[in-house]
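Please look over the sequence and the fold before reading on. The report below takes the turns, the sheet and the metal site in that order.

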Amino acid sequence: MDLIERARLFSGEQNPKECTCRHQLAGTGVFYQSVGLIQCATCKGWQLIRKPIDV
Ligand SMILES: [Zn+2]
(Lines give C-alpha, C1' and ligand atoms only; values in the text may rest on other atoms or scores of the structure.)
Protein backbone atom coordinates (compact mmCIF):
# COMPACT_ATOMS: atom_id res chain seq x y z
CA MET A 1 0.00 0.00 0.00
CA ASP A 2 1.46 3.33 -0.93
CA LEU A 3 1.44 6.53 1.06
CA ILE A 4 -1.53 8.15 -0.62
CA GLU A 5 -3.69 5.07 -0.34
CA ARG A 6 -2.76 4.64 3.29
CA ALA A 7 -3.45 8.30 4.05
CA ARG A 8 -6.78 8.12 2.25
CA LEU A 9 -7.92 5.11 4.26
CA PHE A 10 -6.73 6.58 7.52
CA SER A 11 -7.94 10.16 7.10
CA GLY A 12 -10.96 9.68 4.88
CA GLU A 13 -9.71 12.47 2.60
CA GLN A 14 -10.61 12.05 -1.07
CA ASN A 15 -7.27 13.23 -2.37
CA PRO A 16 -4.66 13.34 0.35
CA LYS A 17 -1.63 15.39 -0.50
CA GLU A 18 1.88 14.01 -0.20
CA CYS A 19 4.15 16.08 2.02
CA THR A 20 7.74 16.56 0.98
CA CYS A 21 8.81 18.65 3.97
CA ARG A 22 11.49 17.36 6.32
CA HIS A 23 10.16 15.93 9.56
CA GLN A 24 13.01 15.16 11.88
CA LEU A 25 11.43 16.40 15.07
CA ALA A 26 8.19 16.27 16.92
CA GLY A 27 6.26 19.50 16.52
CA THR A 28 6.54 19.65 12.74
CA GLY A 29 3.45 17.55 12.31
CA VAL A 30 1.13 15.09 13.96
CA PHE A 31 2.72 11.68 14.25
CA TYR A 32 0.45 8.68 14.01
CA GLN A 33 2.90 5.99 15.02
CA SER A 34 0.35 3.18 14.84
CA VAL A 35 -0.21 3.69 11.11
CA GLY A 36 3.26 5.04 10.31
CA LEU A 37 2.01 8.40 9.03
CA ILE A 38 2.75 12.03 9.73
CA GLN A 39 0.32 14.80 8.93
CA CYS A 40 2.39 17.87 8.24
CA ALA A 41 1.65 21.01 10.27
CA THR A 42 2.90 23.21 7.42
CA CYS A 43 1.27 21.91 4.26
CA LYS A 44 -1.31 19.51 5.76
CA GLY A 45 0.06 16.76 3.55
CA TRP A 46 0.97 13.22 4.56
CA GLN A 47 4.31 11.53 4.85
CA LEU A 48 5.48 8.11 5.96
CA ILE A 49 7.38 7.82 9.21
CA ARG A 50 10.69 6.37 8.11
CA LYS A 51 12.26 5.89 11.49
CA PRO A 52 11.35 6.30 15.16
CA ILE A 53 11.11 9.92 16.18
CA ASP A 54 12.72 11.28 19.31
CA VAL A 55 10.11 13.22 21.21
ZN1 LIG B 1 4.63 19.36 4.52
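## Hairpins and turns

Strands S2 and S3 form a hairpin with five residues between them, and lysine 44 in its turn has a positive phi of about 65°. Two strands pair if DSSP finds at least two bridges between them.

This is a predicted model, in which local features need pLDDT of at least 70 and side-chain atom pairs count only at pLDDT 80 or more, while totals for chains, interfaces and linings use all residues. Residues are numbered from 1 along each chain as its sequence is written, and side-chain values use heavy atoms, with hydrogens and water left out.

Back to the turn. Lysine 44 lies in the loop between S2 and S3. Its positive phi occurs in a residue other than glycine. Most residues other than glycine have a negative phi. Is lysine 44 buried or exposed? Lysine 44 counts as exposed, at 52% relative accessibility. Buried means under 20% relative accessible area, exposed over 50%, and partly exposed in between, with a 1.4 Å probe and protein chains only.

The hairpin of S1 and S2 has four residues between its strands. There, glycine 36 takes a positive phi near 75°.

## The sheet and the helix

The protein has one helix and three strands. Along the sequence they follow the pattern α-β-β-β. The three strands form an open sheet in the order S1-S2-S3, with antiparallel pairing. S1 and S3 (46–48) stand at the edges with a single partner strand each, so one side of each has no neighbour in the sheet. Neighbouring strands are turned by 25° against each other on average, direction ignored. Axes are lines fitted to C-alpha atoms, for helices over the stretch in contact, and angles run from 0 to 180 degrees between N-to-C directions.

S1 and S2 pair over four bridges. S2 and S3 pair over three bridges. Some of the facing residues are listed here.

| Residue | Opposite residue | Strand of the opposite residue |
|---|---|---|
| Valine 30 | Glutamine 39 | S2 |
| Leucine 37 | Leucine 48 | S3 |
| Isoleucine 38 | Glutamine 47 | S3 |

H1 packs on this sheet and touches S1, S2 and S3. The direction of H1 makes about 120° with that of S3. Contact means heavy atoms within 4.5 Å.

Which way do the side chains of S2 point? Leu37 and Gln39 point one way, Ile38 and Cys40 the other way, and all are buried. In a regular strand the side chains alternate between the two faces of the sheet.

## The zinc site

What are the protein donors of the zinc ion? They are Cys19 (SG), Cys21 (SG), Cys40 (SG) and Cys43 (SG), lying 2.3 to 2.4 Å from the metal. Donors are N, O and S atoms within 2.8 Å of the metal (3.2 Å for Na, K and Ca); water is not among the atoms, so sites may look incomplete.

The site is tetrahedral, with angles of 103 to 127° among its four donor atoms. Four donors count as tetrahedral if all angles lie between 85 and 135 degrees. The ideal angle for four tetrahedral donors is 109.5 degrees.

Along the chain, the donors follow the spacing C-x1-C-x18-C-x2-C. Cysteine 19 lies in the loop between H1 (3–11) and S1 (29–32), and cysteine 40 lies in S2 (residues 37–40), so the pair ties together parts that are 21 residues apart in sequence. Cysteine 19 is buried at 3% relative accessibility. Cysteine 40 is buried too, with a relative accessible area of 1%. Cysteine 40 in S2 is also the bridge partner of glycine 29.

Threonine 20 is in the loop between H1 and S1. Threonine 20 is exposed, with a relative accessible area of 72%. The C-alpha atoms of threonine 20 and glycine 45 are separated by 8.1 Å, though the two residues are 25 apart along the chain.

## Whole chain

Of the 55 residues of the protein, 31% count as buried. Among contacts between residues at least 6 apart in sequence, 41% join residues at least 24 apart.

Technical notes. Tetrahedral: all angles 85-135°; square planar, octahedral: opposite > 155°, others 65-115°. Helix = DSSP H or I, 4+ residues; strand = E, 2+ residues; numbered from the N terminus.
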